[in-house]
Amino acid sequence: DCSRCLTVAKEQLVKDSDDFAKINSLMLLYEGALKGKIEGPLSGIKALETDFASVTDYKNDFLSMICVLSYDASDYKRVLQYGKQLEVLVLKEENLSQLNALALYRYSQVLSEKGESAKAASVLSSIHSNELWVLTSQAIAYDQGGTVDLGFLNFEQIYKMYPNSKSAYENYIIEQLKKSNSSFANDKKLLELDEGLFYQGLAYYMDSNWNACISSLNDYLAKAGDLVEDNVATEFKNIPLAYYYLGYAYYQIFNNKASYENFTTASKMLVDEKYEFLKYKAYDFASQCAFAIYNATSEEEKQNWLSATIENLEKAEQTRIPLDQKFEAVSLLSQVYVKNDDYQSAEQLLTKYAAKSSEKSLRCALMVANIFAQQKKISEAEKYYQIASSDQNFVEIAEKASYQDALMYFENEFWEESSQRFYQFRHDYTQSENYGVAC
């Protein structure tokens, strides 16, 4: 019973002894740490902060313990507050204690989460140790954005130091994947890792070895499924990505149904915000597969696959990524709506993006103007032709909008309006291929 031992020790402490202040500081430190362990981190933080002002020894360790407990309590503001103080005190220390090193590591983690990767790397550079966890954290910090060469080892060098460590080997494999190096694909050690078959599948993916990629990723998903069914405590963190890359591999060998099924599963599992673009691509590819099946299937199945095409395009459009990245899906969806005589949905879709802010938004303005013109909605079309032709930085769009605007009035027999617009068009675009038609 650590708590009881500490109580007995405090009772035996002689106040007049030469070491009283130092031993008392150490006991207060232990007492605060125990409270954090037994009663929860907030209780430990409160005790340590109360005692910190009065102690004269072990200042670094008090700051470190408060920093570590604050991280455990998810109080990241406090981590930054005490981590900054600790960093100043230990700046010149060559041999940090394990507690000091852990506190600086937690401090660096919070800095990294705040986007201060270079600062995080600098903090970690003050920890001089060849322990695996220290070297790994330094390599990760530098990999995530350390802008200055702080002499950190890379994952390949760390793996050479710890050749029997699974975590060192896994980090080395991930580093090779980032470098587009697939030479490890047939390494038997891969199969010792939970994620090994996934990494192998990615290596084959990079080599465009689609059948081997499919085999490895299917084996990975089967292994993950078996372990989940057997209640084995393991976390397969790349399952959503495995479905995505499996869908792409099937897509490359024109197996549209298998590709569609895997992309659909991936789109449901890619819930993390950092995968939002991949989720968009999963919907986009699923729509392409569904449309290919629609073109090849029997009449009684066509409507189902057309509906699947539209559904996936709609979900692609709804992803939280910029228009520039999802423009193709938006454009194709509007065309499908028009082909099915659903002009209202096409108009609602495109007017949401039509603006003067970018090339793609101007293209949306031009497309919706053409749809309004097709339905003889002159005033609505005019509004969006004006938007589409407003920015001469995108002269191709502006030229098309100006010409289509004049042509709309001509085709609807508004002779004076069309004459004025064709005149302006000839004045503005003397090199246009439509110049002669506009005369």
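This is a predicted model: local features need pLDDT of at least 70, side-chain atom pairs count only at pLDDT 80 or more; totals for chains, interfaces and linings use all residues.

Trainee: Are α21 and α22 roughly parallel or roughly antiparallel to each other?
Mentor: Two packed helices are described by the angle between their axes and the distance between the axes. Helix α21 covers residues 395–411 and helix α22 residues 415–428; their axes are 7 Å apart, at an angle of about 160°. Angles over 145 degrees count as roughly antiparallel. So α21 and α22 are roughly antiparallel.

Trainee: Which residues of α22 meet α21, and how do the contact residues divide by class?
Mentor: From α21 come Glu399, Ser402, Tyr403, Asp405, Ala406, Leu407, Tyr409 and Phe410. They meet Trp415, Glu417, Ser418, Arg421, Phe422 and Phe425 in α22. By class, the residues of this contact are eight nonpolar, two polar and four charged.

Trainee: What is the handedness of the crossing of α21 and α22?
Mentor: Handedness is a separate item from the angle. For α21 and α22, the crossing is left-handed.

Trainee: Are α4 and α5 roughly parallel or roughly antiparallel?
Mentor: Helix α4 spans residues 59–72 and helix α5 residues 76–89. Their axes come within 8 Å and cross at roughly 155°. The cut-off for roughly antiparallel is over 145 degrees. The relation of α4 and α5 is therefore roughly antiparallel.

Trainee: How many nonpolar, polar and charged residues are in the contact of α4 with α5?
Mentor: α4 gives Asn60, Leu63, Ser64, Ile66, Cys67, Ser70 and Tyr71. α5 gives Tyr76, Arg78, Val79, Tyr82, Gly83, Gln85, Leu86 and Leu89. The contact has nine nonpolar residues, five polar and one charged.

Trainee: Ser74 lies in the loop between α4 and α5. What is its phi?
Mentor: Most residues other than glycine have a negative phi. Ser74 is not a glycine, yet its phi is positive. With a relative accessible area of 47%, Ser74 is partly exposed. The phi of Ser74 is near 60°.

Trainee: Is Asp341 buried or exposed?
Mentor: Asp341 sits in the loop between α17 and α18. Its phi is positive, about 60°, although Asp341 is not a glycine. Its relative accessible area is 58%, and the cut-off for exposed is over 50%. Asp341 is exposed.

Trainee: Why are the buried residues of α18 on the same side of the helix?
Mentor: In α18, residues 343–351, the buried ones are Tyr343, Ala346, Glu347, Leu349 and Leu350. They are on the same side of α18 because they cover an arc around the axis of only 165°.

Trainee: Which helices do the buried residues of α18 pack against?
Mentor: Look for the elements around that side. The partners of the buried α18 residues are α16 (299–318), α17 (323–339) and α19 (359–374).

Trainee: Which residues is Thr309 in contact with, leaving aside its neighbours within four places in sequence?
Mentor: Thr309 belongs to helix α16. Its relative accessible area is 2%, so Thr309 is buried. Leaving aside neighbours within four places in sequence, Thr309 is in contact with Ser287, Ala290 and Phe291.

Trainee: How far apart are the C-alpha atoms of Ala373 and Met408?
Mentor: Ala373 is in helix α19 and counts as buried at 15% relative accessibility. Not counting residues up to four places away in sequence, Ala373 touches Ala381, Tyr385 and Met408. Ala373 and Met408 are 35 residues apart along the chain, and their C-alpha atoms are separated by 6.4 Å.

Trainee: Are α10 and α11 roughly parallel or roughly antiparallel?
Mentor: Helix α10 (residues 166–178) and helix α11 (residues 196–206) have axes that come within 11 Å and cross at roughly 20°. Glu170, Ile173, Ile174 and Leu177 in α10 meet Tyr199, Leu202, Ala203 and Met206 in α11. Angles under 35 degrees count as roughly parallel. So α10 and α11 are roughly parallel.

How values were computed. Residues are numbered from 1 along each chain as its sequence is written. Side-chain values use heavy atoms; hydrogens and water are left out. Buried means under 20% relative accessible area, exposed over 50%, partly exposed in between (1.4 Å probe, protein chains only). Helices (H or I, at least four residues) and strands (E, at least two) are DSSP runs, numbered from the N terminus. The arc is that of the directions from the helix axis to the C-beta atoms. Contact means heavy atoms within 4.5 Å. Axes are lines fitted to C-alpha atoms, for helices over the stretch in contact, and angles run from 0 to 180 degrees between N-to-C directions. Angles under 35 degrees count as roughly parallel, over 145 as roughly antiparallel, 65 to 115 as roughly perpendicular and the rest as oblique. A crossing is left-handed if the near helix is turned anticlockwise from the far one by less than a right angle, and right-handed if clockwise. Ala, Val, Leu, Ile, Met, Phe, Trp, Tyr, Cys and Pro count as nonpolar, Asp, Glu, Lys and Arg as charged, and the others, Gly among them, as polar.
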